[in-house]
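Thank you all for making the time this morning.

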Amino acid sequence: MGRSTGLAGPAGAVADTDPVGAVVGRVRDTLEGVFTAVAETGADTGALLAGATGPDRAPVAADLAGLRPGLRARLASHPLVSGVGFVAAPGLLTDAPGWLEWWQRGPDGTVRPLLLDLDPEHSAYSDYTHWDWYTLPRETGRRAVAGPYVDYLCSDEYSLTLSAPVALDGRFVGVAAADVYLRHFEAAVLPVLQRLPAPARLVNARGRVAASTDPAHLAGSLTKGPDFAAVLAGPPAEHRADGLRLRPCGGTPLVLVTADD
């Protein structure tokens, strides 16, 4: 799986004089390509559902098969993406209580569908609506980064999930999402985090640490303190709170956290 190899051109010059700017730029450059895949999936889903919905017609699970060519293409063209798809809101489909139209790349590089039993009588994963990658877009109407967490649902890998809400006629109908293995994200961003003069971490809207050079705040741990969601909802400027400097990462839903010297 590919990863960013460094800052080039003008961004490289910034890295020498502005290490914070280098972190923000690297996070943005690493994640925006993944969010592009999420946005493409969301657009395809919205168009498909609009065509499958009418006065005498409601969408069914088989309709979502129309997403598959695009999902396979995104796995081929976005090397950081390990899985991508659409997760339906409960009640959207008339023939299934829930549904993941999800495709992923296996360890051998083979692209294949995720096959899940979502029957609430048998499956521990039937209710996915409490997971951050679903609840954050549903609650905020904005894209989100969830994790890292061990992704028992898809890959058994330590992963981040990037997601965004999908709406039909103003109604929330689910999320478009993509997975990134944490080891690939860390390989891209830790080199610039390590250039900062003090320990630092990247956290999501819930305060979950996505990457860190601070031994007191390891990746996957929860950071208490400031309202990171409010920081991300506001202007992309630096904030100060609780003895910390908080810098949104270039429009991506992660915050760079360092000590306020």
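Predicted model: local features only at pLDDT ≥ 70, side-chain atom pairs only at ≥ 80, totals over all residues.

Residues are numbered from 1 along each chain as its sequence is written, and side-chain values use heavy atoms, with hydrogens and water left out.

Let me start with helix H2, residues 19–51, which has 33 residues and reaches 48 Å from its first C-alpha to its last, close to the 48 Å expected at 1.5 Å a residue. Helices here are DSSP runs of H or I with at least four residues, strands are E runs of at least two, and both are numbered from the N terminus; the expected span is 1.5 Å times one less than the number of residues. H2 has a kink of about 30°, centred on Glu32, where the bend is the angle between axes fitted to the seven residues ending there and the seven starting there.

Turning to the sheet, five strands form an open, antiparallel arrangement in the order E8-E7-E11-E10-E9, with two strands counted as paired if DSSP finds at least two bridges between them. The edge strands are E8 (209–212) and E9 (239–241), each of which pairs on one side only. E9 and E10 (residues 244–249) pair over three bridges, and His239 stands opposite Leu246 in E10.

Which residues hold the salt bridges, meaning a side-chain nitrogen of Lys or Arg within 4 Å of a carboxyl oxygen of Asp or Glu? A search of the whole structure finds 12 of them, and one joins Arg143 to Glu32, at 2.6 Å from N to O. Arg143 lies in the loop between helix H4 (132–140) and strand E4 (144–150), and Glu32 in H2, so this pair ties together parts that are 111 residues apart in sequence.

Another salt bridge joins Arg74 and Glu40, at 3.3 Å from N to O. Arg74 is buried, with a relative accessible area of 8%, whereas Glu40 is partly exposed at 32%.

How values were computed: Buried < 20%, exposed > 50% of the residue type's maximum accessible area, 1.4 Å probe, protein only.
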